[in-house]
Amino acid sequence: MTKLPAHTPYDGSSKLFAIGLKPLDLIRWIEVDEHYPAHLAEKRRLYAAIPDKVFVAEADTQAAQQEVLDLLADHLRRHFPELPATALPEQSIGNFASQPLYAASLLVQEDLILMRKGENGWRLAAGSLCFPSSWSLVEKFGKPLQEIHVPVPGFGPGSRPDLLIARMFDALPEKQPVERYNWSIQAGDALYQPLSNDERDDRAASRPSKFPDGNVAAHAFIRVERQTLRKLPVSQDILFTIRIHLDPLKVLARHPDRAALASSFAAQLVALDGMQLDYKGMTADRDRLVALLTAMAKDA
């Protein structure tokens, strides 16, 4: 039986296209659930099949990568001692020789992005991104935040969110990580969901349905991103983690708070403007999703 969702930010607590950073207790930094073996196996499959698309690193990031590996290994030993020792991967494998971030990525279900401060602000200096939510790691590699966020409506260079994010990165304390949530709707349960800027533009122009057979209830999955930011004490880089949760939309029908969740979910979809819907790839399907959620709320 499918379990109820671990996180429900679509209840209005984490609105789309808002920064929404909140303090995070370090005990809750990493999440481990029943999908741990499957997620790590999928990472290994992607590393073997498309290594250049899921891992990038600047040449001088090895020390910071090792810092990430050490922090994660220590955290897991402290808080998840039940994990098998075999979960600790060897560091020198094929394309990933001398890349500690590769080893770190195979300890956790989270994707790991290393951000480094430079002349143009915080840039993506290294990353393991096996489960992208409609973006391309290679395309964003080496770019500063203001360029990374160009496609996001309202987050372009010089915008208020852009300036706030830069200040938050600068002021992030070492001992106070933060978290935020993002969510979207996809067809099917695939974790690997890349999208280039050109593909996003094409999608916005053609506005295809994610559910060409019209059966939203059968195929729609809620994709929740739990994101954390932590300042590394030695390198002073920032580790950005992304944990993906996938749940069938229909699972909300048996949630004890389904009326409130479905109503809030529908209201947030209705509130999205045209540019936001295009960015999320939901323009063609928004009305069908709203109708399904509204019916779910009424049946509660």
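Colleague: Is strand 3 mostly covered or mostly open?

Modeller: Mostly covered. This is a predicted model, and in it 6 of the 8 residues of strand 3, residues 111-118, are buried.

Colleague: Which strand does strand 3 pair with over 5 bridges?

Modeller: That is strand 7, residues 238-248, and the two pair in the antiparallel sense. Within strand 7, Leu-239 is the bridge partner of Leu-114.

Colleague: And how many bridges join strand 3 to strand 4?

Modeller: There are 7, and again the sense is antiparallel, with strand 4 covering residues 121-128. Ile-113 stands opposite Gly-127 of strand 4.

Colleague: What does Met-115 touch?

Modeller: Leaving out residues up to four places away in sequence, Met-115 touches Trp-122, Arg-123, Leu-124, Leu-145, Ile-148, Phe-169, Asp-237 and Ile-238.

Colleague: Which residues have the most contacts inside the largest nonpolar core?

Modeller: Met-115 is one of them, along with Val-68, Leu-72, Ile-113, Leu-252, Phe-265 and Leu-269. That core has 85 residues. Helix 3, residues 62-79, gives the most to this core, with 7 residues.

Colleague: Changing topic to helix 12. What is its reach from first C-alpha to last?

Modeller: Helix 12 runs over residues 286-298, 13 residues in total, and reaches 18 Å, close to the 18 Å expected at 1.5 Å a residue.

Colleague: Which of its residues are buried?

Modeller: In helix 12 the buried ones are Arg-286, Leu-289, Val-290, Leu-293, Met-296 and Ala-297. Seen down the helix axis, the buried residues of helix 12 fall within an arc of 125°, so they line one face.

Colleague: What is exposed on the other side of helix 12?

Modeller: Asp-287 and Lys-298 are exposed there.

Colleague: Salt bridges next. How many are there?

Modeller: The count comes to 14. In one of them the side chains of Arg-28 and Glu-179 meet, at 3.3 Å from N to O. The pair links distant parts of the chain, 151 residues apart: Arg-28 is in the loop between strand 1 (22-23) and helix 1 (36-49), and Glu-179 is in strand 5.

Colleague: Why is Glu-179 classed as buried, and why does Arg-28 count as partly exposed?

Modeller: Glu-179 is buried because its relative accessible area is 8%, under the 20% cut-off. Arg-28 has 37% relative accessibility, so it counts as partly exposed.

Colleague: What does Asp-33 bridge to?

Modeller: Asp-33 forms a salt bridge with Arg-243, and their closest N and O atoms are 2.6 Å apart. Asp-33 lies in the loop between strand 1 and helix 1 and Arg-243 in strand 7, so the pair ties together parts 210 residues apart in sequence. Arg-243 is buried at 1% relative accessible area, whereas Asp-33, at 23%, is partly exposed.

Colleague: Where do Glu-42 and Arg-45 lie?

Modeller: Both are in helix 1, 3 residues apart, which is about one turn of the helix. Glu-42 and Arg-45 form a salt bridge, with the closest N and O atoms 2.8 Å apart. Glu-42 is buried at 18% relative accessible area, and Arg-45 is partly exposed at 46%.

Conventions: Residues are numbered from 1 along each chain as its sequence is written. This is a predicted model: local features need pLDDT of at least 70, side-chain atom pairs count only at pLDDT 80 or more; totals for chains, interfaces and linings use all residues. Side-chain values use heavy atoms; hydrogens and water are left out. Buried means under 20% relative accessible area, exposed over 50%, partly exposed in between (1.4 Å probe, protein chains only). Helices (H or I, at least four residues) and strands (E, at least two) are DSSP runs, numbered from the N terminus. Two strands pair if DSSP finds at least two bridges between them. The expected span of a helix is 1.5 Å times one less than its number of residues. The arc is that of the directions from the helix axis to the C-beta atoms. A nonpolar core is a set of buried Ala, Val, Leu, Ile, Met, Phe, Trp, Tyr and Cys residues joined through side-chain atoms within 4.5 Å. Contact means heavy atoms within 4.5 Å. A salt bridge is a side-chain nitrogen of Lys or Arg within 4 Å of a carboxyl oxygen of Asp or Glu.
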